[in-house]
Amino acid sequence: MRSGLTNIFTVNVFLNFKQMNNKVEITWTEDMAFEATVNDHKIIIDADKTVGGKDRGPRPKPLTLVSLGGCTGMDVISILTKMRVKPDYFNVEIEGELTEEHPKYYHTIRINYIFKGKDLPMEKLEKAVTLSQDRYCGVTAMLDKAAKIEHKIIIEE
């Protein structure tokens with residue numbers, strides 16, 4: 001019996017020994033509201049009024065889409081900058097489609113990369129988006145294990 005406890009302890013020590021790259025704190029404030037501390041920034045997360053919240057902040061699941069948009073958006077701009085392509089405008093729109101059954105999660109995620117600018121080279125935009133989706137965006141890599149992720153590039157004049 002004791003050796004089993006030792007093994008569990010050893011595993012826990014090993015897991016705790018690994019360096020953690022990110023840490024957030026989520027503190028309950030009242031009702032359904034929480035204050036999240038992320039990189040020393042505060043975000044209020046709350047539920048809809050119909051389920052006991054007061055709608056003081058975004059819901060957790062859509063914040064997942066925010067993380068995805070920020071991750072892939074930063075990748076795309078960084079890659080395009082290295083390619084010396086500078087759009088006049090860049091926006092990432094993301095829509096997540098939830099399952100019907102609990103636990104509800106995004107089974108399909110659609111990303112629209114929207115660019116504005118003159119003479120934007122589509123092949124470079126496609127390359128930047130593909131590199132983000134297939135190689136660099138860690139949020140995409142995580143979500144891709146649970147959801148179908150689709151994307152489209154839109155150039156507006």
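Me: What makes Phe90, Tyr113 and Phe115 a cluster?

Reply: In this predicted model, ring pairs link Phe90, Tyr113 and Phe115, and a search of the whole structure finds two aromatic pairs. Rings pair if their centres lie within 6.5 Å, and the centres of phenylalanine 90 and tyrosine 113 are 6.4 Å apart, while those of phenylalanine 90 and phenylalanine 115 are 4.7 Å apart.

Me: Why is the pair of phenylalanine 90 and tyrosine 113 called stacked?

Reply: A pair of aromatic rings is described by the distance of the centres and the angle of the planes. Planes under 30 degrees apart count as stacked, and the planes of phenylalanine 90 and tyrosine 113 stand at 10°, so this pair is stacked. The pair of phenylalanine 90 and phenylalanine 115 is stacked too, with 25° between the planes.

Me: Which parts of the chain does the pair of phenylalanine 90 and phenylalanine 115 tie together?

Reply: Phenylalanine 90 belongs to strand β4 and phenylalanine 115 to strand β5, so their pair ties together parts that are 25 residues apart in sequence. Tyrosine 113 also lies in strand β5, and because phenylalanine 90 is in strand β4, that pair ties together parts 23 residues apart in sequence.

Me: How do you know whether phenylalanine 115 is buried or exposed?

Reply: Buried means under 20% relative accessible area, and phenylalanine 115 has 0% relative accessibility, so it counts as buried. Phenylalanine 90 and tyrosine 113 are buried as well.

Me: What joins β4 to strand β5?

Reply: There are 10 bridges between β4 and strand β5 (residues 106–116), and the two strands run antiparallel. Two strands pair if at least two bridges are found between them, so β4 and β5 count as paired. Tyrosine 89 stands opposite lysine 116 in β5.

Me: What makes lysine 116 a charge over the ring of tyrosine 89?

Reply: The distance must be within 6 Å of the ring centre, and the charge must also lie within 35 degrees of the ring normal. Lysine 116 is 4.8 Å from the ring centre of tyrosine 89, and it lies over the face of that ring.

Me: Why is serine 132 called buried?

Reply: Serine 132 has a relative accessible area of 0%, and because buried means under 20%, the word applies. Serine 132 lies in helix α3 (residues 122–136), and beyond residues up to four places away in sequence it touches Thr72, Asp75, Val76, Ile79 and Cys137.

Me: What makes the meeting of serine 132 and aspartate 75 a polar contact?

Reply: A polar contact is a pair of N or O atoms within 3.5 Å, where one must be able to donate a hydrogen and the other to accept it. The side chains of serine 132 and aspartate 75 make such a contact at 3.0 Å.

Me: Why does valine 139 count as buried?

Reply: Valine 139 has 16% relative accessibility, and since the cut-off is under 20%, valine 139 counts as buried. This residue is found in helix α4 (residues 138–143). Leaving aside neighbours within four places in sequence, valine 139 is in contact with Thr64, Ser67, Leu68 and Cys71.

Me: Why are β1 and β3 said to stand at the edges?

Reply: The open sheet of three strands has the order β1-β2-β3, with antiparallel pairing. β1 and β3 (41–45) each have a single partner strand, so one side of each is left without a neighbour in the sheet. Six bridges join strand β1 (residues 24–30) to strand β2 (residues 33–38), and five bridges join β2 to β3.

How values were computed: Residues numbered from 1 in each chain as written. Predicted model: local features only at pLDDT ≥ 70, side-chain atom pairs only at ≥ 80, totals over all residues. Heavy atoms only, no water. Helix = DSSP H or I, 4+ residues; strand = E, 2+ residues; numbered from the N terminus. Buried < 20%, exposed > 50% of the residue type's maximum accessible area, 1.4 Å probe, protein only. Contact = heavy atoms within 4.5 Å. Phe/Tyr/Trp six-rings, centres within 6.5 Å; stacked < 30°, edge-to-face > 60°.
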